Amino acid sequence: QDPQKIAHVKKILNSLSLHTVCQEAHCPNKMECFGKGTATFMVLGSVCTRNCRFCNVTKGSPELVDEKEPVHVAQAVEELGLRHVVITTVTRDDIPDGGAAHFVRIIEEIRKRTPGTTIEVLISDLNGDEKALRSIVQAKPEIINHNVETVPALYGTVRPMADYQRSLRLLQAVKEMDPEIFTKSGIMVGLGEKVEDVIALFGDLRAMGCDF
């Protein structure tokens with residue numbers, strides 16, 4: 001870990017009033033990433049409208065959307081010299097499009113400043129709004145990531161406000177809208193799932209055309 005890089009990353013984040021999932025979710029690997037000059041930006045505030053049991057991000061009534069955030073994220077990408085940027089989000093069920101237009105602006109601002117940077121967006125399920133999803137797809141990030149997080153049998157315990165089939169449908173819809181965009185998903189293990197549940201989940205993801 002490079003203390004100078006850690007200080008540099010923190011300075012940029014603070015000066016631009018940016019959140020990272022590293023900080024908001026209390027990730028134990030934060031300093032390792034900061035020490036390599038990387039971070040995962042978390043947009044649309046630091047308060048989530050969902051109550052997923054596994055997550056340390058603050059839940060409750062979210063703050064107003066920072067309209068300067070797209071420009072600030074793009075500035076940080078440029079200042080950190082990122083070749084690849086990952087942008088995740090709290091879930092914003094209080095916003096009609098789930099924050100899709102905000103993501104589009106962020107992608108556009110990054111393209112303006114650092115057109116060579118590849119962009120990965122880790123999005124919410126947008127409450128199943130395919131019009132909102134299409135706007136993100138049309139902005140053409142290289143990767144659209146949406147985590148199913150756990151096997152369907154554990155959703156009631158782990159993600160009570162989410163829907164497994166809705167998440168699968170989102171990944172499928174991206175491929176239908178633009179087959180060239182890579183899709184990606186992820187899960188946690190160790191929550192009580194069985195090996196056969198995990199294998200079945202991977203089968204479901206592959207059936208949706210999920211790349212990674």
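Where is Phe-54 found? Phe-54 sits in the loop between strand 3 (47-48) and strand 4 (58-59). The legends below take this residue and others in turn. The model is predicted.

**View 1. The whole protein chain, with its helices and strands.** The protein chain has nine helices and eight strands. Its radius of gyration is 17 Å, close to the 17 Å that the globule rule gives for 212 residues, so the chain is as compact as a globular protein of that length. Along the principal axes, the C-alpha atoms fill a box of roughly 45 × 35 × 30 Å. Buried residues make up 48% of the 212 residues. Take the contacts with a separation of 6 or more: 71% of them join residues 24 or more positions apart. The accessible surface of the chain comes to about 10,400 Å². Carbon and sulfur atoms hold 53% of that surface.

View 2. Two elements give two or more residues to the lining: helix 2 (21-24) and strand 5 (84-89). Strand 5 gives the most, with three residues.

View 3. Leaving aside neighbours within four places in sequence, Phe-54 is in contact with Glu-149, Val-158, Arg-159 and Met-188. Look at Met-188 here. Phe-54 and Met-188 are 134 residues apart in sequence, and their C-alpha atoms are 9.4 Å apart in space.

**View 4. His-72, a buried residue in helix 4.** Helix 4 covers residues 69-80, and His-72 has its place there. The relative accessible area of His-72 is 17%. Buried means under 20%, so His-72 counts as buried. Which residues does His-72 contact, once neighbours within four places in sequence are left aside? They are Leu-16, Leu-18 and Asp-66.

**View 5. Asn-145, a buried residue in strand 7.** Strand 7 runs over residues 143-145, and Asn-145 is found in it. Asn-145 has 5% relative accessibility, so it counts as buried. Sequence neighbours within four places are again left aside. Asn-145 is then in contact with Glu-120, Val-121, Leu-122 and Ile-123, and also with Lys-184 and Ser-185.

**View 6. Ser-17, with a positive phi.** Ser-17 is found in the loop between helix 1 (3-15) and strand 1 (19-20). Phi of Ser-17 is near 55°. That is a positive value in a residue other than glycine.

**View 7. Asn-127, with a positive phi in a loop.** Asn-127 is not a glycine, yet its phi is positive, at about 55°. Asn-127 has 43% relative accessibility and counts as partly exposed.

Terms used: Residues numbered from 1 in each chain as written. Predicted model: local features only at pLDDT ≥ 70, side-chain atom pairs only at ≥ 80, totals over all residues. Heavy atoms only, no water. Helix = DSSP H or I, 4+ residues; strand = E, 2+ residues; numbered from the N terminus. Rg over C-alpha atoms; globule rule 2.2 N^0.38 Å. Buried < 20%, exposed > 50% of the residue type's maximum accessible area, 1.4 Å probe, protein only. Contact = heavy atoms within 4.5 Å. Areas by Shrake-Rupley, 256 points an atom, 1.4 Å probe, with all protein chains shown as cover.
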